[in-house]
Amino acid sequence: MSELSVKHLLGIKYLNEKDIQLIFETADHFKEVINRSIKKVPSLRDITIANIFFEDSTRTKLSFELAEKRLSADVINFSAGQSSVKKGETLIDTVNNILSMKVDMVVMRHPNPGAGIFLSKHVNASIVNAGDGAHEHPTQALLDSFSIREKLGDVAAKKVVIVGDILHSRVALSNIFALQLQGAEVKVCGPRTLIPKHIDSLGVEVETNLRKALNWCDVANMLRIQNERLDISYFPTTREYTQQFGVNKALLDSLDKEIVIMHPGPINRGVEITSDVADSKQSIILDQVENGVAIRMAVIYLLASKIK
Ligand code: CP
(Lines give C-alpha, C1' and ligand atoms only; values in the text may rest on other atoms or scores of the structure.)
Protein backbone atom coordinates (compact mmCIF):
# COMPACT_ATOMS: atom_id res chain seq x y z
CA MET A 1 0.00 0.00 0.00
CA SER A 2 1.22 3.53 -0.79
CA GLU A 3 2.03 5.83 2.08
CA LEU A 4 3.03 9.45 2.58
CA SER A 5 6.75 10.29 2.65
CA VAL A 6 6.21 12.35 5.84
CA LYS A 7 4.91 11.62 9.36
CA HIS A 8 3.73 15.20 9.95
CA LEU A 9 2.03 17.66 7.60
CA LEU A 10 4.03 20.80 8.36
CA GLY A 11 3.99 22.41 4.92
CA ILE A 12 3.66 21.63 1.22
CA LYS A 13 7.42 22.29 1.02
CA TYR A 14 8.00 18.89 2.67
CA LEU A 15 5.74 16.91 0.30
CA ASN A 16 6.52 15.44 -3.11
CA GLU A 17 4.28 15.07 -6.16
CA LYS A 18 3.44 11.44 -5.26
CA ASP A 19 2.26 12.52 -1.80
CA ILE A 20 -0.14 15.00 -3.39
CA GLN A 21 -1.50 12.39 -5.83
CA LEU A 22 -1.98 9.92 -2.95
CA ILE A 23 -3.83 12.55 -0.89
CA PHE A 24 -6.07 13.36 -3.89
CA GLU A 25 -6.87 9.70 -4.65
CA THR A 26 -7.71 9.13 -0.98
CA ALA A 27 -9.81 12.33 -0.91
CA ASP A 28 -11.71 11.14 -4.03
CA HIS A 29 -12.79 8.10 -2.01
CA PHE A 30 -13.75 10.16 1.06
CA LYS A 31 -15.65 12.69 -1.05
CA GLU A 32 -17.80 9.80 -2.24
CA VAL A 33 -18.25 8.67 1.40
CA ILE A 34 -19.39 12.09 2.66
CA ASN A 35 -22.00 12.29 -0.08
CA ARG A 36 -23.63 9.02 1.06
CA SER A 37 -26.60 9.01 3.43
CA ILE A 38 -24.29 7.50 6.10
CA LYS A 39 -21.33 9.88 5.93
CA LYS A 40 -19.07 8.05 8.38
CA VAL A 41 -16.46 5.28 8.20
CA PRO A 42 -15.01 3.42 11.22
CA SER A 43 -11.36 3.78 10.04
CA LEU A 44 -9.94 5.74 13.01
CA ARG A 45 -11.95 4.38 15.96
CA ASP A 46 -8.68 3.82 17.85
CA ILE A 47 -7.22 7.32 17.23
CA THR A 48 -7.60 10.46 19.36
CA ILE A 49 -6.98 13.88 17.84
CA ALA A 50 -6.57 17.28 19.55
CA ASN A 51 -7.41 20.40 17.55
CA ILE A 52 -5.48 23.22 19.17
CA PHE A 53 -6.19 26.70 17.85
CA PHE A 54 -4.20 29.73 18.99
CA GLU A 55 -5.84 31.89 16.30
CA ASP A 56 -9.41 32.40 15.10
CA SER A 57 -10.84 30.10 12.44
CA THR A 58 -14.20 29.13 11.00
CA ARG A 59 -13.56 26.90 7.95
CA THR A 60 -10.36 25.12 8.98
CA LYS A 61 -11.42 24.36 12.56
CA LEU A 62 -14.87 23.04 11.67
CA SER A 63 -13.60 21.19 8.61
CA PHE A 64 -10.89 19.35 10.59
CA GLU A 65 -13.34 18.47 13.35
CA LEU A 66 -15.89 17.17 10.88
CA ALA A 67 -13.22 15.23 8.96
CA GLU A 68 -12.05 13.58 12.20
CA LYS A 69 -15.61 12.69 13.23
CA ARG A 70 -16.41 11.30 9.76
CA LEU A 71 -13.42 8.97 10.29
CA SER A 72 -14.76 7.98 13.76
CA ALA A 73 -11.75 9.39 15.63
CA ASP A 74 -12.17 10.72 19.18
CA VAL A 75 -11.79 14.50 19.08
CA ILE A 76 -10.92 17.15 21.66
CA ASN A 77 -10.87 20.88 20.93
CA PHE A 78 -8.69 23.48 22.55
CA SER A 79 -8.91 27.27 22.12
CA ALA A 80 -5.96 29.18 23.54
CA GLY A 81 -8.20 32.08 24.61
CA GLN A 82 -10.04 29.87 27.13
CA SER A 83 -7.01 27.91 28.35
CA SER A 84 -4.12 28.03 30.82
CA VAL A 85 -1.96 29.57 28.06
CA LYS A 86 -3.42 32.81 29.46
CA LYS A 87 -1.73 31.93 32.79
CA GLY A 88 1.65 31.61 31.07
CA GLU A 89 1.83 27.89 30.19
CA THR A 90 4.24 27.24 27.31
CA LEU A 91 3.32 25.64 23.99
CA ILE A 92 5.35 22.50 24.72
CA ASP A 93 3.93 22.11 28.23
CA THR A 94 0.41 22.66 26.90
CA VAL A 95 0.78 20.04 24.19
CA ASN A 96 2.59 17.51 26.40
CA ASN A 97 -0.24 17.78 28.94
CA ILE A 98 -2.78 17.14 26.18
CA LEU A 99 -0.71 14.21 24.86
CA SER A 100 -0.52 12.61 28.31
CA MET A 101 -4.30 12.08 27.96
CA LYS A 102 -3.39 9.50 25.25
CA VAL A 103 -3.77 11.77 22.24
CA ASP A 104 -2.18 10.56 18.99
CA MET A 105 -2.34 13.54 16.66
CA VAL A 106 -2.34 17.32 17.03
CA VAL A 107 -3.87 19.71 14.51
CA MET A 108 -2.54 23.18 15.29
CA ARG A 109 -3.19 26.72 14.10
CA HIS A 110 -0.71 29.22 15.50
CA PRO A 111 0.14 32.88 14.73
CA ASN A 112 3.91 32.21 14.70
CA PRO A 113 5.55 30.98 11.47
CA GLY A 114 7.27 27.63 12.11
CA ALA A 115 5.29 26.82 15.27
CA GLY A 116 4.32 23.37 13.91
CA ILE A 117 7.91 22.58 12.92
CA PHE A 118 9.10 23.58 16.40
CA LEU A 119 6.42 21.44 18.05
CA SER A 120 7.20 18.39 15.90
CA LYS A 121 10.76 18.43 17.26
CA HIS A 122 9.71 18.54 20.91
CA VAL A 123 6.66 16.30 21.30
CA ASN A 124 5.83 12.72 20.46
CA ALA A 125 2.77 12.98 18.19
CA SER A 126 1.89 13.49 14.56
CA ILE A 127 1.49 17.24 13.90
CA VAL A 128 -0.75 18.78 11.25
CA ASN A 129 -0.22 22.46 10.48
CA ALA A 130 -3.60 24.20 10.19
CA GLY A 131 -1.91 27.52 9.39
CA ASP A 132 1.20 29.04 11.00
CA GLY A 133 1.34 32.82 10.74
CA ALA A 134 2.37 34.03 7.29
CA HIS A 135 4.24 30.76 6.59
CA GLU A 136 2.12 27.81 5.31
CA HIS A 137 -1.45 26.54 5.24
CA PRO A 138 -0.93 23.15 3.60
CA THR A 139 -4.45 21.70 3.77
CA GLN A 140 -5.82 24.93 2.23
CA ALA A 141 -3.44 24.55 -0.74
CA LEU A 142 -4.34 20.87 -1.10
CA LEU A 143 -8.06 21.59 -1.14
CA ASP A 144 -7.47 24.46 -3.59
CA SER A 145 -5.59 22.22 -6.04
CA PHE A 146 -8.12 19.41 -5.55
CA SER A 147 -10.89 21.89 -6.45
CA ILE A 148 -9.02 23.02 -9.60
CA ARG A 149 -8.54 19.36 -10.60
CA GLU A 150 -12.25 18.72 -10.03
CA LYS A 151 -13.31 21.79 -12.06
CA LEU A 152 -10.74 21.67 -14.90
CA GLY A 153 -9.78 17.96 -14.97
CA ASP A 154 -6.12 18.50 -14.05
CA VAL A 155 -3.78 20.98 -12.37
CA ALA A 156 -0.80 20.37 -14.69
CA ALA A 157 -0.30 23.12 -17.30
CA LYS A 158 -3.06 25.28 -15.82
CA LYS A 159 -2.34 29.00 -15.36
CA VAL A 160 -3.14 30.26 -11.88
CA VAL A 161 -2.86 33.84 -10.67
CA ILE A 162 -2.89 34.54 -6.93
CA VAL A 163 -4.17 38.09 -6.35
CA GLY A 164 -3.81 40.35 -3.33
CA ASP A 165 -1.79 40.32 -0.14
CA ILE A 166 0.92 37.82 -1.06
CA LEU A 167 3.35 39.18 1.56
CA HIS A 168 1.30 38.12 4.59
CA SER A 169 -0.36 35.07 3.08
CA ARG A 170 0.33 31.47 4.14
CA VAL A 171 -2.26 30.46 1.54
CA ALA A 172 -0.17 32.05 -1.23
CA LEU A 173 3.07 30.29 -0.26
CA SER A 174 1.48 26.85 0.16
CA ASN A 175 -0.42 27.29 -3.12
CA ILE A 176 2.75 28.28 -4.99
CA PHE A 177 4.53 25.11 -3.75
CA ALA A 178 1.54 22.84 -4.43
CA LEU A 179 0.74 24.21 -7.89
CA GLN A 180 4.35 24.08 -9.05
CA LEU A 181 4.77 20.49 -7.79
CA GLN A 182 1.83 19.55 -10.03
CA GLY A 183 3.16 21.39 -13.10
CA ALA A 184 0.92 24.47 -13.05
CA GLU A 185 2.16 27.95 -14.04
CA VAL A 186 1.81 30.51 -11.25
CA LYS A 187 1.80 34.31 -11.29
CA VAL A 188 1.06 36.72 -8.47
CA CYS A 189 -0.71 40.06 -8.80
CA GLY A 190 -1.04 42.84 -6.25
CA PRO A 191 0.49 46.10 -5.07
CA ARG A 192 4.31 45.93 -5.17
CA THR A 193 4.28 46.65 -1.43
CA LEU A 194 2.39 43.37 -0.82
CA ILE A 195 4.66 41.19 -3.00
CA PRO A 196 7.61 39.57 -1.14
CA LYS A 197 11.04 40.71 -2.42
CA HIS A 198 12.20 37.07 -2.79
CA ILE A 199 9.25 36.06 -5.03
CA ASP A 200 11.50 35.57 -8.12
CA SER A 201 13.44 32.87 -6.25
CA LEU A 202 10.19 30.85 -6.08
CA GLY A 203 9.92 30.85 -9.89
CA VAL A 204 6.86 33.06 -9.81
CA GLU A 205 6.28 36.04 -12.13
CA VAL A 206 4.73 39.27 -10.90
CA GLU A 207 1.98 41.02 -12.90
CA THR A 208 0.82 44.30 -11.40
CA ASN A 209 -1.92 44.88 -14.02
CA LEU A 210 -4.97 42.94 -12.85
CA ARG A 211 -6.71 42.86 -16.27
CA LYS A 212 -3.57 41.41 -17.90
CA ALA A 213 -3.25 38.83 -15.11
CA LEU A 214 -6.88 37.77 -15.46
CA ASN A 215 -6.65 37.55 -19.26
CA TRP A 216 -3.59 35.29 -18.85
CA CYS A 217 -4.99 32.85 -16.28
CA ASP A 218 -7.39 29.91 -16.14
CA VAL A 219 -7.92 30.39 -12.41
CA ALA A 220 -7.77 33.50 -10.18
CA ASN A 221 -7.32 32.83 -6.46
CA MET A 222 -8.39 36.05 -4.75
CA LEU A 223 -6.83 36.67 -1.34
CA ARG A 224 -8.06 38.75 1.53
CA ILE A 225 -6.05 41.71 2.82
CA GLN A 226 -4.68 40.30 6.10
CA ASN A 227 -5.54 43.37 8.19
CA GLU A 228 -4.59 41.53 11.38
CA ARG A 229 -1.00 41.17 10.09
CA LEU A 230 -0.55 44.71 8.67
CA ASP A 231 1.81 46.68 10.90
CA ILE A 232 1.80 49.70 8.52
CA SER A 233 -0.30 50.95 5.58
CA TYR A 234 0.70 49.08 2.38
CA PHE A 235 -1.67 51.02 0.07
CA PRO A 236 -3.29 54.46 0.33
CA THR A 237 -6.92 53.45 1.01
CA THR A 238 -9.09 50.33 0.73
CA ARG A 239 -11.08 52.07 -2.03
CA GLU A 240 -7.92 52.55 -4.10
CA TYR A 241 -6.89 48.92 -3.49
CA THR A 242 -10.30 47.74 -4.73
CA GLN A 243 -10.13 49.99 -7.80
CA GLN A 244 -6.81 48.41 -8.86
CA PHE A 245 -6.97 44.85 -7.52
CA GLY A 246 -10.62 44.05 -6.87
CA VAL A 247 -12.64 41.88 -9.27
CA ASN A 248 -16.18 42.99 -10.09
CA LYS A 249 -18.70 41.45 -12.51
CA ALA A 250 -18.08 44.05 -15.24
CA LEU A 251 -14.36 43.19 -15.25
CA LEU A 252 -15.04 39.45 -15.16
CA ASP A 253 -17.51 39.65 -18.06
CA SER A 254 -15.15 41.76 -20.15
CA LEU A 255 -12.30 39.19 -20.14
CA ASP A 256 -11.25 37.24 -23.24
CA LYS A 257 -12.31 33.91 -21.64
CA GLU A 258 -14.31 32.46 -18.76
CA ILE A 259 -12.00 32.01 -15.78
CA VAL A 260 -12.52 30.19 -12.48
CA ILE A 261 -12.73 32.34 -9.34
CA MET A 262 -11.42 30.98 -6.02
CA HIS A 263 -11.09 32.45 -2.54
CA PRO A 264 -9.86 30.73 0.64
CA GLY A 265 -12.21 32.77 2.86
CA PRO A 266 -13.08 34.72 4.83
CA ILE A 267 -14.17 37.09 2.03
CA ASN A 268 -14.17 40.86 2.43
CA ARG A 269 -17.14 41.33 0.09
CA GLY A 270 -16.73 44.49 -1.97
CA VAL A 271 -12.96 44.68 -1.35
CA GLU A 272 -11.13 41.85 -3.19
CA ILE A 273 -14.29 40.60 -4.95
CA THR A 274 -17.84 41.88 -5.22
CA SER A 275 -20.77 39.73 -4.11
CA ASP A 276 -21.93 39.11 -7.68
CA VAL A 277 -18.48 37.63 -8.45
CA ALA A 278 -18.28 35.59 -5.23
CA ASP A 279 -21.75 34.15 -5.90
CA SER A 280 -21.39 33.79 -9.70
CA LYS A 281 -21.35 30.48 -11.58
CA GLN A 282 -17.62 31.03 -12.23
CA SER A 283 -16.93 30.95 -8.48
CA ILE A 284 -16.00 27.61 -6.84
CA ILE A 285 -15.61 29.11 -3.36
CA LEU A 286 -18.14 26.83 -1.65
CA ASP A 287 -16.79 23.79 -3.56
CA GLN A 288 -13.42 24.59 -1.97
CA VAL A 289 -15.04 24.47 1.48
CA GLU A 290 -16.82 21.19 0.68
CA ASN A 291 -13.59 19.64 -0.63
CA GLY A 292 -11.78 20.73 2.53
CA VAL A 293 -13.51 17.99 4.52
CA ALA A 294 -12.51 15.23 2.08
CA ILE A 295 -8.92 16.53 1.85
CA ARG A 296 -8.59 16.71 5.64
CA MET A 297 -10.04 13.22 6.00
CA ALA A 298 -7.41 12.00 3.53
CA VAL A 299 -4.53 13.76 5.30
CA ILE A 300 -5.56 12.52 8.75
CA TYR A 301 -6.24 8.98 7.52
CA LEU A 302 -2.85 8.74 5.75
CA LEU A 303 -0.90 10.21 8.69
CA ALA A 304 -2.75 7.98 11.19
CA SER A 305 -1.75 4.90 9.19
CA LYS A 306 1.86 5.78 10.02
CA ILE A 307 1.31 5.86 13.80
CA LYS A 308 -0.77 2.69 14.14
N1 CP B 1 -9.40 29.52 4.81
C2 CP B 1 -9.25 29.57 6.14
O3 CP B 1 -8.20 29.19 6.68
O4 CP B 1 -10.33 30.06 6.83
P5 CP B 1 -10.43 30.13 8.43
O6 CP B 1 -9.45 31.15 8.89
O7 CP B 1 -11.86 30.50 8.72
O8 CP B 1 -10.08 28.77 8.96
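## Pockets and ring pairs

The largest pocket in this predicted model has a volume of about 370 Å³. A pocket here is an open set of points on a 1 Å grid where a 1.4 Å probe fits, with protein on both sides within 12 Å along at least five of seven lines, and lining residues have an atom within 4 Å of a point. Local features need pLDDT of at least 70 and side-chain atom pairs pLDDT 80 or more, while totals for linings use all residues. Residues are numbered from 1 along each chain, and side-chain values use heavy atoms, without hydrogens and water.

| Pocket | Volume | Lining by class |
|---|---|---|
| Largest | about 370 Å³ | 4 nonpolar, 8 polar, 8 charged residues |

Nearest the centre of the largest pocket you'll find Arg109, Arg170, Arg224, Gly265 and Pro266. For the second largest pocket, helix H11 (residues 285-304) gives the most to the lining, with 4 residues.

Now for the rings. The whole structure holds 5 aromatic pairs (ring centres within 6.5 Å; planes under 30 degrees apart are stacked, over 60 edge-to-face, the rest tilted). Phe24 and Phe146 have ring centres 5.4 Å apart and planes at 70 degrees, so they sit edge-to-face. Phe24 is in helix H1 and Phe146 in helix H5, so the pair ties together parts 122 residues apart in sequence. Phe24 is buried at 0% relative accessible area (buried means under 20%, with a 1.4 Å probe), and Phe146 is buried too, at 2%.

Notes:
Phe/Tyr/Trp six-rings, centres within 6.5 Å; stacked < 30°, edge-to-face > 60°. Helix = DSSP H or I, 4+ residues; strand = E, 2+ residues; numbered from the N terminus. Buried < 20%, exposed > 50% of the residue type's maximum accessible area, 1.4 Å probe, protein only. Points joined across faces, edges and corners; volume = space filled by probe spheres on them. Nonpolar A, V, L, I, M, F, W, Y, C, P; charged D, E, K, R; others polar.
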